[in-house]
Amino acid sequence: MKRNFLTLLLLAACCLTKAQVTPSILSDRHAMVRLSNAERYVLLPVEEKAEMANIRVLNNNNTVETLNVRLAVDKVDYFVPLEINANANFNVNVNDNVNTQPSTLNTQRSARPAGTLARARTLHAQRSTLLDIHFNGDRRTTGALKELACWKEMKLSDTFDTQNREHFRPLYHHTPVYGWMNDPNGMFYKDGVWHLFYQWNPYGSMWENMTWGHSTSRDLIHWEAQPTAIKADALGTIFSGSCVVDHENTAGFGKDAVIAFYTSAGESQTQSMAYSTDGGRTFTKYECNPVITSNAPDFRDPKVFWHKETQRWIMMLAVGQEMQIYSSANLKQWTMESRFGQEYGCHGGVWECPDLFQLPVRGTGQQKWMLVCNINPGGIFGGSATQYFIGQFDGHQFTCESKSEVTKWLDYGKDHYATVTFDNAPAGRRVALAWMSNWQYANEVPTKQFRSANSIARDLDLFTDGTETYCGVTPSPEMLTLRGKPAKQLTEACEVVVNLKGTADITLSNAKGEQVTMHYDAQKQTFSMDRTKSGNVTFSENFACVTTAPTHGQMKQLRLFIDRCSIEAFDADGRMAMTNLVFPSEPYNNIKVTNKAKITIYPYKL
């Protein structure tokens with residue numbers, strides 16, 4: 001994956017000033033900072049152990065943005081950029097260095113004459129931005145407000161450095177260039193491009209300030225960061241949702257318009273929509289938002305798709321511990337159709353991030369419907385996980401074919417959540433991505449500049465085992481394009497293919513004695529992964545664990561996808577998937593197998 005524009009937010013060598021920002025201290029919890037708009041950004045110093053500070057950004061006496069940032073009290077862990085002239089009526093052409101981050105930089109060249117642009121910038125520089133900051137920490141323990149480290153380190157700049165210096169930054173998994181990421185959102189395919197949106201905090205590497213970040217890819221492997229797609233507004237921050245391609249212009253925004261649905265998380269959770277007429281690059285919010293409301297406290301994550309048989313749009317919503325199904329002819333007015341979930345599956349936590357789609361059943365010529373239900377907590381190994389149900393859907397109601405007590409898990413690792421699929425995928429494919437973390441420790445994993453990656457792309461289908469139908473999970477064929485020539489030693493980014501001859505142990509290790517042990521039991525038809533000695537496991541008491549999966553038959557070939565901080569294991573026939581994070585102090589460079597299992601190591605050419 002391209003990483004030449006990545007990581008730790010440091011003041012670049014070309015910063016225009018290193019002068020301290022001078023605050024006006026108004027009380028033991030309140031300060032204001034006047035910023036000249038001559039520079040493009042103020043770089044905010046973050047300390048992750050600090051209490052949250054609430055910042056209102058004011059221009060011309062009007063609030064233009066509100067955000068929550070852990071402003072540094074004692075020391076700086078990293079910087080985050082706040083664009084202070086984002087509301088100017090002109091484009092500033094910052095340097096064309098590939099290390100700039102397009103999610104926050106407007107790198108489009110202005111069509112105006114250079115002199116006009118210069119005059120506009122001079123005029124805007126004469127104005128100023130006011131930061132109105134309220135601190136929530138206990139001043140008795142943090143000290144006097146005027147002595148906080150943030151005032152010494154806050155700086156103005158026209159640019160900032162995003163060069164990757166993170167030890168655990170994955171090489172071929174999607175990650176945000178900086179900041180926190182959780183659920184993948186609004187994924188769709190159009191005109192040869194895969195669009196991935198995601199829950200993103202641009203102002204820190206812990207959950208907060210939810211917006212939709214945006215990345216695009218032509219091969220599901222190499223991702224390019226795009227400008228922020230949807231930002232918070234008066235209805236609330238922007239929670240998870242979906243996008244559809246409106247081929248027939250049912251909503252009236254144009255043929256093939258991209259329509260986004262998301263949860264507005266304000267005082268209550270409501271459902272809103274936005275539309276794009278440029279292929280998903282920019283969105284305009286619908287003027288009559290919200291489009292669906294409820295008095296339920298957990299009412300979120302709209303997943304929309306076109307149901308051909310009834311010629312209507314269907315929306316799945318996660319509501320507490322059930323899924324609600326709505327329908328619409330025009331994507332604007334919605335009718336409640338039915339509910340699903342009471343007494344079915346696991347109810348150990350809140351249901352989230354639904355999906356519903358049809359899949360072929362291997363070797364039968366049949367199709368069945370699969371309802372995805374992410375749950376947190378309540379996962380099979382604690383915390384968050386993805387369960388699913390198989391059955392039928394008639395455009396009004398989903399009917400599960402299994403007994404109510406049956407629970408099926410899409411992935412048997414600890415780090416696989418918020419799974420959703422791409423709309424409009426080519427060749428009838430059903431391609432899924434998951435957030436590769438767990439809410440038990442997601443805010444604590446040992447990274448700073450960014451937190452969280454997404455799983456590799458996976459193609460889904462169905463298979464039968466006995467009287468039950470299960471979801472088959474296979475690495476998307478695009479992953480094969482990364483394979484280099486076979487090598488004798490593990491690398492930090494590689495695929496390992498293990499041909500099995502019955503029960504076997506597979507151990508990955510390094511010179512530090514850190515190891516991950518996997519065990520396939522042919523008799524019991526189970527596969528397990530032990531990460532208790534994998535490296536750094538001390539950041540959370542919930543991290544060290546052994547995860548175990550059924551293999552639904554004999555496993556003949558195992559595929560392992562190893563990246564700097566993750567191992568994804570698949571039965572080559574798609575009957576087992578397991579995703580686990582690992583944080584070794586140095587990459588695993590040795591692999592040992594038993595019982596005459598044969599291995600092939602494919603270093604990845606990135």
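Tutor: Contact here means heavy atoms within 4.5 Å. Keep in mind that this is a predicted model, where local features need pLDDT of at least 70 and side-chain atom pairs count only at pLDDT 80 or more, while totals for chains, interfaces and linings use all residues. Residues are numbered from 1 along each chain as its sequence is written, and side-chain values use heavy atoms, with hydrogens and water left out.

Let's start at Gln271, which sits in strand β15 (residues 269–276). Strands are DSSP runs of E with at least two residues, helices are runs of H or I with at least four, and both are numbered from the N terminus. Gln271 has a relative accessible area of 0%, so it counts as buried; the scale is buried under 20%, exposed over 50%, partly exposed in between, with a 1.4 Å probe and protein chains only.

What does the side chain of Gln271 do in there? Setting aside residues up to four places away in sequence, Gln271 touches several others, including Pro290, Phe299, Arg300 and Leu317.

Strand β17 (residues 299–307) is antiparallel to β18, with seven bridges joining them; two strands pair if DSSP finds at least two bridges between them. Arg300, one of the residues touched by Gln271, stands opposite Ala318 in β18. The β17–β18 hairpin has four residues between its strands, and Gln311 in that turn has a positive phi of about 55 degrees.

β18 (residues 312–319) then pairs on with another partner: seven bridges join it to strand β19 (residues 322–328), again antiparallel. Here Met316 faces Ile325 as its opposite number in β19. This hairpin has two residues between the strands, with Gly320 in the turn at a positive phi of about 65 degrees. β18 itself is mostly covered, as seven of its eight residues are buried. As background, strands of a sheet pair through backbone hydrogen bonds, either parallel or antiparallel.

Now for the contrast. Asn595 lies in the loop between β39 (590–593) and β40 (598–603). Its relative accessible area is 41%, which means Asn595 is partly exposed. Not counting residues up to four places away in sequence, Asn595 touches Lys501, Gly502 and Thr503. The side chain of Asn595 reaches the backbone oxygen of Thr503 at 2.7 Å.

Asn595 is partly exposed, and its side chain reaches the backbone oxygen of Thr503.

Conventions: A polar contact is a pair of N or O atoms within 3.5 Å; within protein, one must be able to donate a hydrogen and the other to accept it, and residues adjacent in sequence count only if both atoms are side-chain atoms.
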